[in-house]
Number of protein chains: 2
Amino acid sequence: MLNPADDLFIRTLGEAVPGLWLGAAEPRYLEEPRGRWRGQAGVLARPESTAQVSALLAFCHARRVGVVPFGGGTGLVGGQVLSEGPAPVLLSLERMAALRAIDAQSLVIEAGATLQAVHEQAEVAGRRFPLTLASQGSAQIGGCLATNAGGVNVLRYGNARALCLGLEVVLADGTIWHGLKRLAKDNTGYDLRDLMIGAEGSLGVITAASLKLVEPPAVEGTAVFAVASPQAAVELLGIAQAQLAGCVSAFELISGQGLAFLRAVGPEVSLPFAADPDWSVLIELGLPEGMEAEAAFGALYEAAGARVSDAVIAQSQAQRARLWQMRESIPLANRRIGAISSHDIAVPVAEIPAFIREAGAMLAGMGDYRINCFGHVGDGNLHFNAFPAEGRTRAEYDDERHAVMEAVHRLVVERFDGSISAEHGIGRLKVGELARTADPAKLTMMRAVKAALDPRGILNPGVILPT
Amino acid sequence: MLNPADDLFIRTLGEAVPGLWLGAAEPRYLEEPRGRWRGQAGVLARPESTAQVSALLAFCHARRVGVVPFGGGTGLVGGQVLSEGPAPVLLSLERMAALRAIDAQSLVIEAGATLQAVHEQAEVAGRRFPLTLASQGSAQIGGCLATNAGGVNVLRYGNARALCLGLEVVLADGTIWHGLKRLAKDNTGYDLRDLMIGAEGSLGVITAASLKLVEPPAVEGTAVFAVASPQAAVELLGIAQAQLAGCVSAFELISGQGLAFLRAVGPEVSLPFAADPDWSVLIELGLPEGMEAEAAFGALYEAAGARVSDAVIAQSQAQRARLWQMRESIPLANRRIGAISSHDIAVPVAEIPAFIREAGAMLAGMGDYRINCFGHVGDGNLHFNAFPAEGRTRAEYDDERHAVMEAVHRLVVERFDGSISAEHGIGRLKVGELARTADPAKLTMMRAVKAALDPRGILNPGVILPT
């Protein structure tokens with residue numbers, strides 16, 4: 001059992017770690033974007049060095065006080081808020097955002113830097129850090145790694161895990177792991193880096209990372225193709241991959257329902273087609289020198305045949321930005337409509353059409369919902385979100401929410417051997433669903449690893465595994 | 001302390017697991033390619049199902065008998081041979097090689113299949129499994145994953161870890177982890193898959209894997225460029241990446257010493273230049289439709305300026321194969337010469353020139369050696385191998401071997417923050433070097449994970465960590 005970060009604890013902590021910023025947590029540290037939970041904190045700590053993080057964790061470990069790491073606060077599964085139990089220390093690394101090193105292949109930066117800041121540093125060096133999220137102005141790189149963030153470029157460049165070369169991590173007892181290697185290959189023992197990435201702060205606190213940089217492609221282009229069906233979208237991606245040797249940077253499915261939401265509630269964006277197609281895909285290409293994006297899209301359109309009925313190829317950077325703005329505004333429109341239940345699922349790519357068909361039919365049999373299904377075709381990752389019928393409110397569906405979520409997850413797991421969290425993580429939202437759906441040996445191993453690396457259970461208590 | 005797999009144990013094992021193939025281990029199961037160790041085995045077990053592996057491990061766990069997994073036997077660090085201590089069960093999955101499923105994005109295959117067999121299955125489906133090793137005719141996919149194998153295409157496609165979507169693993173106590181997901185994204189808890197990959201059989205026995213398949217590039221080509229120096233090679237790769245948007249599939253450094261060894265001891269291969277350059281790079285491109293490899297190599301040659309003095313661009317599939325044969329024959333020529341000490345190291349890519357310069361100068365100060373340095377420029381991974389001077393034998397250097405290895409590793413770690421094993425793993429060969437050079441927190445965490453998942457220490461005793 002953990003102890004609260006009470007007044008005596010806070011006073012002695014301040015004496016034990018001189019110079020450590022301690023104070024009350026403003027409301028923004030206790031909120032999360034979906035408004036389901038309100039966090040609590042005995043104290044907010046904002047260290048300015050790895051040594052301070054180490055001293056803080058050693059102190060909390062000795063006194064069995066929980067520590068909740070808080071990054072940009074953009075996580076969607078409640079990993080950043082602890083609403084029950086003994087009040088924890090809320091740990092923000094926002095004052096640790098320094099660039100420590102950079103070369104053509106990598107940069108080393110502290111965990112409190114925003115993803116946007118990482119992008120800017122890479123750009124200064126003429127390189128690119130390809131992890132791209134709508135929330136990158138707030139999301140911190142430490143949080144992106146702790147949650148193994150995904151986004152629109154995973155198809156080509158992989159998720160956060162694939163883009164990280166090394167980590168500096170403070171372990172539960174304050175020990176510092178100096179693992180900031182800048183190596184593309186390193187087979188010297190167990191893959192602790194990837195174990196920390198995606199552990200949501202429950203195995204250690206990431207304080208700095210070395211990140212892989214890539215060359216921006218010589219030629220880039222963006223287009224939206226109206227496709228006949230999800231099946232046509234999957235086939236179109238196959239054709240694109242065969243033609244383009246892996247030069248497809250993003251391939252995003254968009255549903256007519258999503259465009260209808262944008263028209264209904266905004267934000268105001270320019271939509272590519274006069275009549276919204278039931279299904280369309282936004283395609284981003286990054287090509288070698290000597291190729292032309294328009295010609296590549298043209299060849300793809302030709303090869304697609306009846307799979308595609310119309311296409312808009314961006315003719316300028318401004319038009320490219322507008323197409324992306326449309327895609328990236330979908331989550332905001334969704335929030336304005338108000339989802340009954342949102343599902344961040346993955347299935348094998350070839351199963352996307354069957355999943356959309358079967359999940360849609362299943363929900364149609366359960367009640368009166370509108371479905372906005374969109375996401376990352378090449379990753380098999382769909383955001384399959386159920387909304388109230390036209391004219392009805394979210395509150396009217398309160399009693400149905402849990403049944404909808406369970407039914408979708410059951411279909412994903414039992415029928416498609418899929419994932420109930422493709423990119424958002426487990427946090428506190430899906431702890432029960434994970435326990436219900438995961439392979440028992442996997443749960444046993446996860447508990448064993450947690451007990452081995454955080455025997456007192458002080459690190460982000462209650463995420464991923466029940467306390 | 002473990003117990004030996006003695007006669008009584010073997011008899012009761014046979015009764016406990018009906019149908020399990022048990023027999024004496026022929027000599028080939030007790031050898032390793034570098035001839036440093038000779039293994040021992042109380043018994044060889046060749047199960048034909050995951051259920052049999054499970055029953056076998058549960059039995060060994062209960063009786064505290066060690067289990068050494070043996071794949072294709074091609075590992076270079078002694079991970080497959082246990083020469084001391086109580087005789088273990090030697091576990092070969094060669095009878096478990098079935099293809100369980102295949103689609104356009106992935107295949108599921110049992111661990112005993114050779115890497116060559118995986119390639120062939122992918123090819124039947126019009127796809128490619130990009131992991132490529134000289135030893136792929138013998139190496140089994142289970143061993144490739146257990147050692148996180150690398151090879152020549154890591155630059156573009158990543159190592160074995162990056163190409164694996166899911167695993168079926170039997171844990172130390174016989175529990176089966178059913179983790180054969182075929183998902184590109186799955187953020188449901190700790191990354192146990194990547195923990196098992198590269199653990200060299202010490203955390204679990206991989207019995208099957210789902211593997212990522214890729215589209216073969218529409219256009220492919222191969223060339224060898226003679227470069228002015230390692231610095232020129234690194235810069236040339238930078239130019240290629242900027243021009244070609246990630247379409248560089250391989251970029252292999254070859255030294256004049258390596259070519260001289262090929263001329264001296266064979267195998268007989270055709271060499272591209274009449275006069276061997278001190279440094280050259282073999283470049284493989286995989287390009288989109290509409291591009292021509294020769295034109296792409298031409299543009300690269302133009303842009304390279306004085307960095308490149310000559311180039312041979314393959315004009316046929318046969319010539320491509322010959323260039324690759326040259327590259328892949330270098331390790332065999334090395335074995336015929338007989339290395340004093342071989343080093344599979346990684347440094348940050350930009351540091352490759354400095355490493356080659358400083359390591360060469362250091363060894364020149366220590367004695368009379370020939371250096372054959374070759375490897376994977378884009379991965380920062382060099383095989384930096386020291387050989388006897390012309391006319392001298394390997395045996396004359398027996399007293400120097402350890403000092404050479406230690407000095408090279410010290411330089412790698414202390415000066416370049418590099419890796420003492422970029423792709424071969426730790427096995428039993430480098431356990432001492434790892435303990436000497438690794439971050440203490442990393443060692444502590446590895447011991448904790450090992451104790452958590454294999455508390456009795458029966459799985460491949462003595463690899464990675466000392467028993």
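With which residue does E406(A) form a salt bridge, and how far apart are the closest N and O atoms? The partner is R436(A), and the closest N and O atoms are 3.7 Å apart, where a salt bridge is a side-chain nitrogen of Lys or Arg within 4 Å of a carboxyl oxygen of Asp or Glu. This is a predicted model in which local features need pLDDT of at least 70 and side-chain atom pairs count only at pLDDT 80 or more, while totals for chains, interfaces and linings use all residues. Residues are numbered from 1 along each chain as its sequence is written, chains are lettered from A in the order in which they are written, and side-chain values use heavy atoms, with hydrogens and water left out.

**Salt bridges within the chains**

- Over all chains, a search of the whole structure finds 54 salt bridges.
- An α-helix has 3.6 residues a turn, so residues three or four places apart point the same way.
- E406(B) counts as partly exposed at 21% relative accessibility, and R410(B) is likewise partly exposed, with a relative accessible area of 38%.
- In chain A, salt bridges that share partners join E406(A), R410(A), E414(A), E433(A) and R436(A) into one network.
- A further salt bridge of chain A brings together the side chains of E396(A) and R392(A) at 3.0 Å, N to O; E396(A) is partly exposed at 41% relative accessible area, and R392(A) is partly exposed at 33%.

**The contact between chain A and chain B**

- Chain A and chain B each give 82 residues to the contact, which is counted for heavy atoms within 4.5 Å.
- About 6,400 Å² is buried between the two chains, 60% of it on carbon and sulfur atoms, buried area being the accessible area (1.4 Å probe) that two parts lose on being put together, summed over both.
- Of the area that chain A buries against chain B, K185(A), N187(A) and Y190(A) supply 16%, more than any other three residues.
- Between chain A and chain B there are eight salt bridges, including that of E423(B) with K185(A), whose closest N and O atoms are 2.8 Å apart.
- The side of chain A that touches chain B takes its largest share, nine residues, from helix 14 of chain A.

**N381(B) and its surroundings**

- N381(B) lies in strand 16 (residues 381-388) of chain B and is buried, with a relative accessible area of 0%.
- Its side chain makes a polar contact with the side chain of D344(B) at 3.1 Å, a polar contact being a pair of N or O atoms within 3.5 Å; within protein, one must be able to donate a hydrogen and the other to accept it, and residues adjacent in sequence count only if both atoms are side-chain atoms.
- Leaving aside neighbours within four places in sequence, the residues in contact with N381(B) include K185(A) of the other chain, together with D344(B), F374(B) and E423(B).

**Helix 11 and an annotated span of chain A**

- At 1.5 Å a residue, the 15 residues of helix 11 (residues 352-366) of chain A should span 21 Å, and the end C-alpha atoms are 21 Å apart, which agrees; the expected span is 1.5 Å times one less than the number of residues.
- Among the buried residues of this helix are I352(A), F355(A), I356(A) and L363(A).
- An unreviewed UniProt entry places the feature "domain: FAD-binding PCMH-type" at residues 37-216 of chain A, a span that is 22% helix and 22% strand, with its end C-alpha atoms 40 Å apart.

Methods
Helices (H or I, at least four residues) and strands (E, at least two) are DSSP runs, numbered from the N terminus. Buried means under 20% relative accessible area, exposed over 50%, partly exposed in between (1.4 Å probe, protein chains only). UniProt positions are given in the numbering used here, feature names are shortened, and annotations may be inferred rather than shown by experiment.
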